[in-house]
Amino acid sequence: MPEPNQTTIRVLVVDDEPGVREAYGQVLAESDVSQEVEGFRELRSRLFRNAPAQSRAKGRSHSTTFEPVFCDQAPAAVTAVKEALARNQPFAVVFLDMRMPPGPDGVWAAAHIRELDPAVEIVICTAYSDADPSDIGGLVPPEDKLSYLQKPFHPHEVRQMTIALGSKWRAERRIVRLAYFDTLTGLPNREQSHNRLVRALQAAKENDRTLAVLYLDLDNFKRVNDTLGHTAGDELLRLVADRLRNSLRDRVDTAIPGAGTGARLGDIARLGGDEFMVLLPNMRSAADAGGVAERLIEALREPVQLAANSLAVTPSVGIAVYPQDGTDAVTLLRHADLAMYVAKRRGSGTYAYYDASMNAIALHRFTIEDRLRGALARNELSLLYQPQFDVRTASVSGMEVVLRWSSAELGVVSSAEFLPVAEETGLILPIGTWVLRTACLQAKTWRAEGLAVQRIAVNVSGRQFALAEYPAQVAAILQETGLDPAMLELEISESVVMADETRAEKTINELKKLGISLAIDDFGTGYSRFGRLRNLAVDRLKIAGSFVTSITEGGDDRAIAAAIIAMSRSLRINVTAEGVENFPQLAFLQEQDCQDAQGFLLSGPLQAEEARALLKRSGEFGDGSRSQRFKALIG
């Protein structure tokens, strides 16, 4: 194994005469040739004015050795180059005898070697002066990587040429690594992975083989950068790359032909950010790619240690298979990318195979994104208001804002369709600002009319809540609209709070200083600990509709809902139950002394004028039983 400051030049010598090979062996005997390297540098310094002079002492601090390999015929030389590349131990220089009877000559070998390794330096050795370099250069391009030695030659010529060409080869190799390899992980980059995929597809076509492309994206990687910093994010990417490399090593139990040989199952590349590609060039069937995807997911699922933090990382994986999912590199990669997005929407740490229907889904998604970009400017967005009722007094306690999009091209688009797109693209930021400003203005108008509106509830997206400047934005809108801060309640989903509890606590405290109220939405779905609520200055929990739906059926959901209400009461936190759809559910909430409820039993989202009318009725109706008040309000 080379010493840390030792450079080894791998040389392939191809000659049919044993005596010549032996002579090469003596010339390239493994020994320290640093003095000759120093002599080469000093000669270059004297010949070329701008070449930097190297001190003799410095030259001796870095030793250079030769590692020669010998072949007697051209076909054996081609095989040796192929095997060296497979071991990632390429030759820097190849000396080829021009004539090697009875087999192919040196030009034949040079052409085939060049196809395998475009970077190798080839030296044609001939005893004849009539060998025309221009003719050979046309057969073995590029000419600048083709040199000539005429027999007989001096041993120093061989050594100095090897040193010079080896130095040139290493410099070009460094440039290639910068151009085609990711500096963070050492993996091939997007351009290099594309080139490899093109070559693998050609081989698959020629040999009638199945090929698969896996597109990997880390789930919630942005959260790592946002919470732990980009240094931790970079370290995580390096660890992920190492785990993917190790997972792609062949094992006895794999479905890949040649299992247990120690070879790699496929090639891995980093496409950018937290996206990786795995190329499986020799699959027995499309189903085998799923087994590899499962292996990669399991490898990444094991917690990683970053400084004092233990993180569990999962990838979403999309799979596209040649030839059924595409016959060219661009199509296969695009289809694998589409499948990855489908997998991500199914849940973290899953994989999906591409199918043709995904194109329609993707087209619809891109259409939504395109039309959503101008929706604000075209006044296509509007707000509805869903009443929240105090179930103890049968009065309207608040109005929750519901965003609606009616597109001139697409019609009414479900929020379940366009809100995830807005979140992914960042469009939620300007839309969220518009929603908050519009809601505050509407609440201010109602209050100015003397209507009994106690609070206006506005949902906050994860991207909004993650902004360091978000509390300042809320303060500015309150000042601009003149709304009493006590009337504003911001709803933050439980999953957003749990993503980074420390940051959530800080942001909630900053928002509370403005005088507004905070509610945790969809509570119970993220398994928050009640003990953590003591550290979060929240005013309200909203029980997820999934629990309310089945509370009348007994079982765990009924017990969970009752426990949330009881524990919240002990912590002096209000509770709103979502998704109330029938009277038995409402009766249960009243029995448990739940403060508020909302749902289609009571009222769906209303236009502003309809909400105004409801608020007016709520303020006008005085005495009467709770049932009478509900009947008067909701009919």
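Q: Is Ala76 buried, partly exposed or exposed, and what is its relative accessible area?
A: In this predicted model, Ala76 is found in helix α4. Buried residues fall under 20% relative accessible area and exposed ones over 50%, with partly exposed in between. Ala76 is therefore partly exposed, with a relative accessible area of 32%.

Q: How far apart in space are Ala76 and Val14, C-alpha to C-alpha?
A: Ala76 belongs to helix α4. In sequence, Ala76 and Val14 are 62 residues apart. In space, the C-alpha to C-alpha distance between Ala76 and Val14 is 8.6 Å.

Q: Are the helices α4 and α5 roughly parallel or roughly antiparallel to each other?
A: Helix α4 covers residues 74–86 and helix α5 covers residues 106–116; their axes come within 9 Å and cross at roughly 15 degrees. Angles under 35 degrees count as roughly parallel, and those over 145 as roughly antiparallel. The two helices, α4 and α5, are therefore roughly parallel.

Q: Is the crossing of α4 and α5 left-handed or right-handed?
A: On the α4 side, the contact is made by Ala74, Pro75, Ala77, Val78, Val81, Lys82 and Leu85. On the α5 side, Trp108, Ala109, His112, Ile113 and Leu116 take part. The crossing of α4 and α5 is right-handed.

Q: Which residues touch the most other members of the largest nonpolar core?
A: Nonpolar side chains tend to be buried together in soluble globular proteins. The largest nonpolar core has 78 residues. Its largest share, eight residues, comes from helix α15, residues 428–448. The members that touch the most others are Ile456, Leu488 and Leu490.

Q: Which residues does Leu488 touch, not counting residues up to four places away in sequence?
A: Leu488 is one of the residues that touch the most other members of the largest nonpolar core. Leaving out residues up to four places away in sequence, its contacts are Leu436, Cys440, Ile456, Val458, Val474, Leu478, Leu483, Ile516 and Ser517.

Q: By about how much of a helical turn are Lys168 and Glu172 separated?
A: Lys168 and Glu172 form a salt bridge, with the closest N and O atoms 3.5 Å apart. Lys168 is partly exposed at 27% relative accessible area, and Glu172 is partly exposed at 28%. Because the two residues are four apart in helix α7 (residues 155–180), their separation is about one helical turn.

Q: Are Lys542 and Glu578 buried or exposed?
A: Lys542 forms a salt bridge with Glu578, the closest N and O atoms being 3.6 Å apart. This pair links distant parts of the chain, with Lys542 in strand β19 and Glu578 in the loop between β20 and α23, 36 residues apart. Both Lys542 and Glu578 are buried.

Q: What is the omega of the peptide bond from Lys151 to Pro152?
A: Most peptide bonds are trans. The bond from Pro101 to Pro102, however, is cis, with omega near 10 degrees, and Pro102 is found in the loop between β3 and α5. Pro152 is found in the loop between β5 and α7. The bond from Lys151 to Pro152 is also cis, with omega near -10 degrees.

Q: What is the phi of Asp208?
A: Most residues other than glycine have a negative phi. Asp208 lies in the loop between α8 and β6 and is exposed, with a relative accessible area of 73%. Although it is not a glycine, Asp208 has a positive phi of about 55 degrees.

Conventions: Residues numbered from 1 in each chain as written. Predicted model: local features only at pLDDT ≥ 70, side-chain atom pairs only at ≥ 80, totals over all residues. Heavy atoms only, no water. Core = buried A, V, L, I, M, F, W, Y, C linked by side-chain atoms within 4.5 Å. Buried < 20%, exposed > 50% of the residue type's maximum accessible area, 1.4 Å probe, protein only. Contact = heavy atoms within 4.5 Å. Salt bridge = Lys/Arg side-chain N within 4 Å of Asp/Glu carboxyl O. Axes fitted to C-alpha atoms, helices over the stretch in contact; angles between N-to-C directions. Parallel < 35°, antiparallel > 145°, perpendicular 65-115°, else oblique. Left-handed = near helix turned anticlockwise from the far one by under 90°.
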